[in-house]
Amino acid sequence: MSRNSSTRSNVQRVSCYLVSIAASVTMSVATAQVPVAPGDWPLYSRDLAGTRFSPLTEINTRNVGELAEAWSVPVARVATDDDDAPGPSGNPLATPIVVGGIMYLPVRGHEVLALDAATGEEIWRSALPAPLGTEARGVAYWPGDDELGARILVMAGPTLIALEAESGAPARGFGRDGVAQVTVPWRGVPLVYGDLAILGTRTGEMNRGMPGDTRAFDVRTGELVWTFHTVPLPGEVGHETWLDDGWRNRSGVNVWAYYMTVDAARGVLYMPVSSAAGNYWGGDRHGANLFSNSIVAVDVMTGEYRWHFQTVHHDLWDFDLPNPPVLVDIERSGRTVPALTSVGKTAWVFILNRETGEPIFGVEERPVPLGSVPDEWYSPTQPFPVQPAEPVSRVAFDRELDMVRPEDTTPQHAAACEALWERSGGFINVGPYTPFGFHEEGTPARSTLQLPGAGGGVNWGGVAADPTRGLVFMHANDSSLVGWIENKRPGENYGNGTAGSTIPYDRGSVDGAGPYFSFSAPLINEDGEQLGSLPCYRPPWSRLVAIDANSGEVAWETTLGISEGLPPERQLTGSIGSAGPSVTAGGLVFVGATRDRRFRAFDASTGEQIWEAALGENVNANPIIYLGNDGRQYVAAVAGDTLVAFALR
């Protein structure tokens, strides 16, 4: 829940602890509040509030049917190119930025590219210093000042790189030859605010290891400015929620989300902090475990604690906050309320006052089921929003009502689901926050069904908003996880990044060790060809949802995506993905985020799909909307190995 405090600060500022927390902030950096030019898309989610809202109206509900591909550029290495180059072959989840008609983005796993945003013509290409590669989801832009020119910043593992925006050359005076060592890696996009670059971390899945602290660096020099302890140290706010020294050397509890948001008028940074490691067993971290699974508000210039709101107590489901809250003012009883909307993997939507962290429509602590895993600590309650009263994804399962049927998919797929049920000893699900059961080796299988799974709810794509109407838009998934908790068996793989973990218990299932098995079964055609895997619960499995933040009510929802392997009359099932939508003043919501290689536009008022483009690859990245130097409006997104831009014919 939310909490304000004036006890010892959680901030380390260049090795000196601050003792008091400021009650208010006066901005001293003028560049921090520079408004976004209407045709620009200068941040990952366009503005500091994270709205992904473009005020452009040339493309609108009346003419979007005339939208066509304007240009495309390959952004990944092919087999014959740079076979010994560092990094991955590409950055398929990256979202570009556009400033003054120039587009910037990471490409080919080890380069940053600047393009003419109207034509796709290359302006410059900068290779990262060997042996650095990048998995970054985008780049950041600093506009410069009276002494220094504009800069492009990009993460490359545990390093922060600064380039001259004009040429792509290493930024003079930053780190060593444009490279600053930041110790902990991150795949996200630096949040540039004033002269700060604020970073999250990617700590991995080890229960003891690298701290997940959020840090701010000087964008001119690369030097550390402040650190916020996401696992509170003794005497700091929230430390009491770690019992039996579970806080010591605790890893996880990090902002792995790819961006953060800021209320520039109030000087407040909002951090979406993820769960503590390990993900599914917390017997070595008894307690509620702040600031895991929390929205944490801090002074953006100093990192000093303001308030927090914990969305999950003592997470045992990997229910991270994979995206930050979107900031949008709402109207309540004739007055304007500064609000934020947050929804993550749990699929519960929290609408809070962003000044205080207090729920606007109320939140109730409700009892949840407890488990019986050895040495585990279970929170007796979890927070549930009063409004919206229902989650945006499936959180419970009733076999009689929800089991997939032959008429939903195919007889073959439905039979395969029944076989999985029997082989798994059935699945236990008693509603939200069903804990995984414990399985002793050699005993009959009895499995747990978790809904949503760790990829479900609203994932890293996050939430978009139309601030003129108080509407928020999200792509919500009905994913799942299945299995149990077991004694770890030597030599087994319990998930990426878990090798060497000291926890004695972890996830397993009838299909083996590890947390990645879901309640799904193969779809096989009449020729015996496997066409993929589909969920074993009834569709739809994915939807685009609009919520009116003024009332907390769902404005509309519509199924998002198709399953092409099914008969045509059954294909509108929804298609699970992780990316999110963007919205325009022209009344449109643009979204990829599905596995059917489609890019779509919806009417923002009704949810009606009014345009789509079939592409060669999936758009598993957030789209952008901008104005080219030719005066035309464009919509662009990365689709696998290709960056594609659309404009009116």
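1. Asp245 is partly exposed, at a relative accessible area of 43%. Its partner is Arg248: the two form a salt bridge, with the closest N and O atoms 3.8 Å apart. That falls inside the cut-off, because a salt bridge needs a Lys or Arg side-chain nitrogen within 4 Å of a carboxyl oxygen of Asp or Glu. Arg248 is also partly exposed, with 43% relative accessibility. Note that this is a predicted model.

2. The pair Glu564 and Arg597 also meets in a salt bridge, at 2.8 Å from N to O. Glu564 sits in the loop between β38 (553-559) and β39 (582-584), and Arg597 in the loop between β40 (588-591) and β41 (598-603), so this contact ties together parts 33 residues apart in sequence. Glu564 is partly exposed, with a relative accessible area of 37%. Arg597 is partly exposed too, at 33%.

3. Glu564 and Arg597 belong to a network of salt bridges. Asp596, Arg598, Arg600 and Glu612 are linked in it as well.

4. Arg220 forms a salt bridge with Asp195, and the closest N and O atoms are 3.3 Å apart. The pair links distant parts of the chain, 25 residues apart. Arg220 is in the loop between β16 (214-218) and β17 (224-228). Asp195 is in the loop between β14 (191-193) and β15 (196-199). Arg220 is partly exposed, with a relative accessible area of 30%.

Methods. Residues are numbered from 1 along each chain as its sequence is written. This is a predicted model: local features need pLDDT of at least 70, side-chain atom pairs count only at pLDDT 80 or more; totals for chains, interfaces and linings use all residues. Side-chain values use heavy atoms; hydrogens and water are left out. Helices (H or I, at least four residues) and strands (E, at least two) are DSSP runs, numbered from the N terminus. Buried means under 20% relative accessible area, exposed over 50%, partly exposed in between (1.4 Å probe, protein chains only).
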